[in-house]
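Colleague: I've got this model open and I'd like to learn how to read it. Could you walk me through it?

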Amino acid sequence: MGRIDQETVNRILDAADIVDVVSDFVKLRRSGANYKGLCPFHDERTPSFSVNKARNICKCFSCGKGGSPVNFIMEHEQLSYQEALRYLARKYNIEIVEHELTDDERRAASDREAMLGVNEFALSRFEHNLTETDEGRNIALAYFRHRGISDAMIKRFHLGYSLEKSTALYSEALAKGYQEKYLVDTGLCIRSDRGGAYDRFKSRVMFPIHSVSGRVVGFGGRTMRSDKTIAKYVNSPESIIYVKNRELYGLYQAKSAIAKKDKCILVEGYMDVISMHQAGVENVVASSGTSLTQGQIRAISRFSQNITVIYDSDAAGIKASLRGINLLLAEGLSVKVLLLPDGDDPDSFAQSHTSVEVEEYLKEHEQDIIAFMTRILMKDVAANDPIARAKVINTILRSVGMVTDGVTRSMYVAECARTLGLSEEVIILQLKKIMAARVEELETEARREAARKSISDIPETDAPQDPTANTSEATVPATQTSPQESAAPDVPLLNLTTNKLRPYERVLACYVARYGLSYLCDIAQPDGNAHPATVVEYILADLGNDEITFTDPVLRRTVEAVEAMRTSSWPGDRLKFIEEAQQMRLQEIADGRDQIRATARDVAEIENKDAELIRHCDARYNARLLDFDITYAQRRLVSDPDNDIRTAATDLISERYTLSKIHTKFAHVETEQEQLPTLVPRAIYELKSAILAAYIDELNRKLAATDISDTVAYSNILREIVDYQRIQQDFARSMGERIILPRK
């Protein structure tokens with residue numbers, strides 16, 4: 001299966017109407033210019049799901065989910081971007097044209113599809129063996145019955161059985177025309193030293209592993225033999241279709257429930273997942289006995305930022321698995337844990353309780369991860385052993401240091417101070433040391449990786465670039481009044497982070513996402529001529545003059561996407577639209593004149609009405625062109641292949657509130673778009689001022705740490721502070737002169 005051609009993508013995006021798409025799943029009612037309905041992504045009684053037909057987006061102002069028609073289908077049906085496009089193409093009867101693949105792409109796609117096809121064949125044989133053979137019914141089906149698994153769960157998870165005969169699957173697959181290469185590449189069979197191959201999973205009950213889109217990428221098999229020398233569980237080896245650190249057992253079956261409940265429950269084994277689903281708790285997945293990986297965590301975070309990890313009462317197992325908790329915290333997830341009663345695991349607990357009892361136990365007994373870690377790890381530490389106690393405290397604080405949200409981290413500090421019997425000052429000091437050490441480790445590793453990449457990517461004759469150079473941070477504006485003619489200040493850029501500048505960058509990105517391709521003003525050129533500039537062009541030109549770039553990577557990519565449209569697809573598409581709009585204008589004028597001639601009483605009335613008609617048609621033409629410029633970028637941003645851009649654009653474009661009709665009924669209230677000549681320069685100024693303020697803060701901290709007896713260094717820093725403050729004052733004074741006047 002190739003990638004959809006871009007022209008086809010554009011046809012799909014142009015055809016997909018958000019009201020039409022959402023109405024397939026949500027009952028909508030008109031509410032002013034928009035439509036409203038109950039959010040399909042979470043339970044609610046009062047409609048908070050808004051659909052904007054003009055902007056072709058939807059958004060829930062309660063849970064925050066929504067987006068373009070593509071994004072809505074991705075969220076609701078849990079499909080990939082390409083799958084969502086194909087869904088919409090089928091809905092609107094659009095023929096899909098795929099771009100020509102390279103030989104390597106075609107070969108890889110062919111191998112991938114062949115391996116997936118072999119797995120689908122194996123799945124069908126395993127399911128057949130379980131219910132249609134005496135061996136399967138007597139051994140495997142009896143085992144599932146003994147474990148309390150219902151027929152519905154057997155069907156839901158496509159459970160099966162691999163026969164005792166060592167070449168049963170191998171022989172059947174060859175007879176059906178499947179190649180030995182793909183049987184071996186998927187791990188279903190193993191090559192024999194004597195030629196041929198034999199089945200990897202013989203005499204095992206089979207648990208197929210599905211990708212998030214529902215394709216079978218691997219298998220897990222549990223032996224039915226009592227021989228202790230045989231591994232209890234065997235899994236498919238890694239391949240081009242099965243990467244273990246990205247897959248979670250049961251995610252395909254659980255994804256809708258995870259998104260609906262906004263929580264993922266993590267257990268360990270196949271049977272744990274199946275029994276929990278059977279008990280009615282369907283937002284459950286398993287790591288399949290392996291340590292959690294970053295890839296698996298990111299797969300979960302696609303559907304929810306909340307995760308509850310269920311442990312049985314095995315203390316040693318709990319302590320060992322706590323090491324993986326830091327990965328969850330580092331990825332920004334909200335983590336809770338649940339300890340089951342003694343002697344229970346998720347499988348046995350679900351089997352012995354009703355669905356209501358399971359849900360109630362989960363709700364009443366889950367607890368915060370840091371509090372849980374403190375209780376578990378401190379339980380076995382003697383009060384008179386300060387070394388062991390300090391070691392455990394540092395382990396807990398390392399986990400606290402992984403928390404990305406500052407407010408949450410401060411709450412953990414207060415809780416740790418209370419439970420560990422330490423002052424908050426001591427904990428904060430130690431936490432800073434731990435976090436600084438972690439930052440240093442990450443930076444060191446990043447420099448090493450950059451150095452390795454720079455050496456491997458350049459010809460031997462080229463000099464390697466400095467791997468420690470940071471080109472992504474904002475720099476001091478290179479204005480004529482800047483004191484930094486010769487050198488930048490000796491100030492660490494650690495505090496010039498995205499968090500400090502994001503609010504200011506977000507305002508500019510908001511203007512770009514909403515109005516990026518609409519006309520803003522004329523920019524004077526060196527030859528004396530004026531050049532009409534769009535919002536995105538003006539912003540990037542102004543920031544570029546001072547060598548400023550967006551520090552937030554998602555906002556930067558969003559703005560760059562609009563700028564790419566301005567220089568590539570937008571001009572040509574705009575010319576086509578102008579031709580169509582002009583034809584509509586001419587047709588409206590012709591129709592209007594026919595009406596005037598049929599109703600006018602004299603020549604004077606014809607002339608007056610004709611002039612009024614021309615003004616009206618010109619206004620409609622200009623309004624259409626303006627609407628095209630505004631919606632062009634909006635529609636493409638909210639349907640961008642980049643998930644981060646789609647999410648950011650939906651948030652930037654969506655408006656929670658509209659102007660009151662009381663204000664707009666009696667007087668004209670300037671819209672945000674009409675105020676852009678004032679708003680855009682002010683937002684640029686505020687970003688530059690924030691950058692200068694961040695530098696001044698750093699210099700003040702440096703000044704406080706400098707020995708006053710070192711008069712030269714102390715004086716230099718003071719001079720730099722005064723210079724930057726002067727630039728800030730110049731910015732403030734120049735604001736009144738920098739408001740731009742659009743062309744009339």
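Predicted model: local features only at pLDDT ≥ 70, side-chain atom pairs only at ≥ 80, totals over all residues.

Colleague: Cysteines, then. How many disulfides does the structure hold?

Modeller: The general idea is that a disulfide is a covalent bond between the sulfur atoms of two cysteines. The cut-off here is a pair of cysteine sulfur atoms within 2.5 Å. By that test the structure holds 0 disulfides.

Colleague: Now a sheet. What is the strand order in the open sheet of 5 strands?

Modeller: Strands (E, at least two residues) and helices (H or I, at least four) are DSSP runs, numbered from the N terminus. Two strands pair if DSSP finds at least two bridges between them. The order in this open sheet is 13-12-14-15-16, with mixed pairing. Strand 13 (284–286) and strand 16 (367–368) are the edge strands, each pairing on one side only. Strand 15 (residues 334–339) runs antiparallel to strand 16, over 2 bridges, and Val337 sits opposite Gln367 of strand 16.

Colleague: Which strands does helix 16 touch?

Modeller: Contact means heavy atoms within 4.5 Å. Helix 16 (residues 355–365) packs on the sheet and touches strand 12, strand 14, strand 15 and strand 16. Its direction makes about 120° with that of strand 15; axes are lines fitted to C-alpha atoms, for helices over the stretch in contact, and angles run from 0 to 180 degrees between N-to-C directions.

Colleague: How many salt bridges turn up in the whole structure?

Modeller: Side chains of opposite charge can pair when their charged atoms come close. We count a side-chain nitrogen of Lys or Arg within 4 Å of a carboxyl oxygen of Asp or Glu. The search finds 33. Take Glu588 and Arg624, which meet at 2.3 Å, N to O. This pair links distant parts of the chain, with Glu588 in helix 24 (residues 569–599) and Arg624 in helix 25 (residues 603–637), 36 residues apart. Both residues are buried. There's also a network: salt bridges that share partners join Asp20, Asp24 and Lys91.

Colleague: What about Glu180 and Arg191?

Modeller: They form a salt bridge with closest N and O atoms 3.2 Å apart. Glu180 is in helix 9 (residues 180–185) and Arg191 in strand 7 (residues 189–191), 11 residues apart. Glu180 is partly exposed at 23%, and Arg191 is partly exposed at 47%.

Colleague: Last stop, helix 26. Which residues are buried there?

Modeller: In helix 26 (residues 643–653), the buried ones are Ile645, Arg646, Ala648, Ala649, Thr650, Leu652 and Ile653. At the start of the helix, a side-chain oxygen of Asp642 comes within 2.8 Å of the backbone nitrogen of Asp644.

Definitions and conventions
Residues numbered from 1 in each chain as written. Heavy atoms only, no water. Buried < 20%, exposed > 50% of the residue type's maximum accessible area, 1.4 Å probe, protein only. Polar contact = N/O pair within 3.5 Å; in protein donor to acceptor, adjacent residues only side chain to side chain.
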